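Please brief me on this structure in short points.

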Amino acid sequence: MPLSDPAAKIRLAGASKRFPVRDGELEALQPTDLAVRPQEFVALVGPSGCGKSTILNLAAGLLRPTDGAVFYDEQPVTTLNRAVGYMTQKDTLLPWRHAADNIRIALELRCRAVPRGEAAARVAQIIELIGLKGFEQHFPAQLSGGMRKRVALARTLIYEPETLLMDEPFGALDAQLKLLLLDQLQSLTALRRMTVVFVTHDLGEAITLADRVIVFSARPGRIRAIREIDLPRPRDVFKVRFTEHFARLHEELWDELKDEVVKGTDV
Amino acid sequence: MSQSQVMTPPVEPSLTRFVETGSGRLAARLLLIGAMLAVWQFVPGKALRFWMSGPVDIVTRLWTWIFDGSLWQHLGATVAAMTLGYGIGTAVGISLGFLFGFLPKLHRVLSPYITALYAMPKIALAPLFIIVFGIGIESRVALVAITVFFLILNSTLDGVRNVDRDLTQALSLMGATRSEVIRKVLVPAALPWIFTGMRISVRYAFTNTLLAELISANMGIGFLIEYYSGIFDATGTYAAILVLVIMSVGLTEVLTRVEQAMARGHGRA
């Protein structure tokens, strides 16, 4: 079905990725077809090393597929894809800039050229929103892992990219804070009409946020199940997980996922 | 045995305790140098005096140099050769370091030559520079500059090459141009490496200035040492060495201050 979707934002057409390793090749991603619709929120779940991050790297143009092709707005992705904001698993904050300056960096670039005053106002606004008040003048090395994740998130959100690629953005956060940020992410991406591809280990997180959850098999990665999440929007991230519908979806998807998690762990 | 250790209260001799205090340590140091100078001044006989000179003669000689102005001429020549060479070497080293860093293909072509020249002890070039630039300050500046150049070139290159690729990639994805990536990521990331190179180079610059002056020069503290030992004037030789010791102490002091300031600056980052 995805292949015939004419207006995909991101489309993988038989895209696969193999990496050369010492003795041969490592197959990270089997040939995969996948289409992400404009303004869709897609969550990719699966065990470690199942190629989820590879898909994000392909969409961002950081990697070329070994076979097949990757399209963005139906144009083949052949170089860095600057339409996406990519929040990688590792936060890529600049160690010599304090939090506020790190967040502002995208607004300093010539392709955006936001006037100084406006940039400062937007930085202050997003710092407030993401709960970093009081930490503006801290350097990354002085922040906890969770704090750095939030700075990275703010830095990505502030320039409002059309598409957001997120690789386990909230893995290191405590449960309450995670819910708060999920809530903010949901409202922001809806407000800005962003397309989001969200990689996570956490099935609950995936169901809470996504329009569609895609379950991946253990390495070599391949799509095992796709499920539309028909929970009504806007969703209350704090309560939605206690509804019966959520529980049913969770059970159904967990059945798909658990075998893969077991397989994934003995690799 | 262990019992006796427990039972015996630690008795510190009062002299040891005195030396532990600030003024005590100073007194001990003065006593030591005083004793050494006294031995040097009074013990050697006539024959030894020719080779060893003596503290009073040396200080008197230094005094003469200070007042007839020759000290300042030679000191100035040494400092000028060192700072000029250091400045030129640093400027060119940083520039080419960044150039090669940003143009890795060019660097890959040139790297065997750079490595070969870097490994060679630059002092061996001193005679060549004297042929080319003459016996004046230019040959010493050239020697110091080329020594410093290779040290700075390599630390700049290391700095640029050790930049986390994820950082440059992240900025490119945000839409940064090549020159923005350079200005906002590569240059600031390389700065600590460059500073380290500059710090290390100071000592090399100093040493090589002196070596060049010892080999052949018409000016400088190294020249004084070489000249007076050449005419078997121990007093002049020691007086020049004394100037060198004072210079080294001063230089070390300055460097320590700079290092401390840099360490503080780094603490935040």
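S8(A) is mostly covered: 6 of its 6 residues are buried. Buried means that 20 or more other C-beta atoms lie within 10 Å of a residue's own; exposed means 12 or fewer, partly exposed is in between, and C-beta atoms are placed from the backbone. This is a predicted model, in which local features need pLDDT of at least 70, side-chain atom pairs count only at pLDDT 80 or more, and totals for chains, interfaces and linings use all residues. Residues are numbered from 1 along each chain as its sequence is written, while chains are lettered from A and ligands numbered from 1 in the order in which they are written.

- Thr195(A), Val197(A) and Val199(A) point one way from S8(A). Val196(A), Phe198(A) and Thr200(A) point the other way, and all are buried.
- Strands (E, at least two residues) and helices (H or I, at least four) are DSSP runs, numbered from the N terminus.
- Strand S3 (residues 41–45) of chain A pairs with S8(A) in the parallel sense, over 5 bridges. Two strands pair if DSSP finds at least two bridges between them.
- Phe41(A) stands opposite Val196(A) in S8(A).
- S7(A) and S8(A) also pair in the parallel sense, over 5 bridges. Here the bridge partner of Leu165(A) is Val197(A).

**The six-stranded sheet**

- S8(A) belongs to an open sheet of 6 strands with mixed pairing, in the order S6-S7-S8-S3-S9-S10 (chain A).
- The edge strands are S6 (84–87) and S10 of chain A, and each pairs on one side only.
- Neighbouring strands of this sheet are turned by 15° against each other on average, direction ignored. Axes are lines fitted to C-alpha atoms, for helices over the stretch in contact, and angles run from 0 to 180 degrees between N-to-C directions.
- S6(A) pairs with S7 (residues 163–167) of chain A in the parallel sense over 4 bridges. The bridge partner of Tyr86(A) in S7(A) is Leu165(A).

**The four-stranded sheet**

- Another open sheet has 4 strands in the order S2-S1-S4-S5 (chain A), with antiparallel pairing.
- Its edge strands are S2 (24–36) and S5 of chain A, each pairing on one side only.
- Strand S1 (residues 10–21) of chain A pairs with S4(A) in the antiparallel sense over 5 bridges. Leu12(A) stands opposite Val70(A) in S4(A).
- Helix H1 (residues 52–60) of chain A packs on this sheet and touches S1, S2 and S4 of chain A. The direction of H1 makes about 115° with that of S1(A).

**Chain A as a whole**

- Chain A has 7 helices and 10 strands.
- The radius of gyration of chain A is 19 Å, close to the 18 Å that the globule rule gives for 267 residues, so chain A is as compact as a globular protein of that length. The radius is taken over C-alpha atoms, and the rule is 2.2 Å times the number of residues to the power 0.38.
- The C-alpha atoms of chain A fill a box of roughly 50 × 45 × 40 Å, taken along the principal axes.
- Buried residues make up 44% of the 267 residues in chain A.

- A cis peptide bond joins Arg233(A) and Pro234(A), with omega about -10°. Pro234(A) lies in the loop between strand S10 (223–228) and helix H7 (244–265) of chain A.
- Glu74(A) has phi near 65°, a positive value in a residue other than glycine. Glu74(A) sits in the loop between strand S4 (67–72) and strand S5 (75–76) of chain A. Glu74(A) is exposed, with 10 other C-beta atoms within 10 Å.
- Arg193(A) has phi near 55°, a positive value in a residue other than glycine. Arg193(A) lies in the loop between helix H5 (175–191) and strand S8 (195–200) of chain A.

**Where chain B meets chain A**

- 16 residues of chain B are in contact with 21 residues of chain A. Contact means that the C-beta atoms of two residues, placed from the backbone, lie within 7 Å.
- H10(B) gives the most to the side of chain B that touches chain A, with 6 residues.
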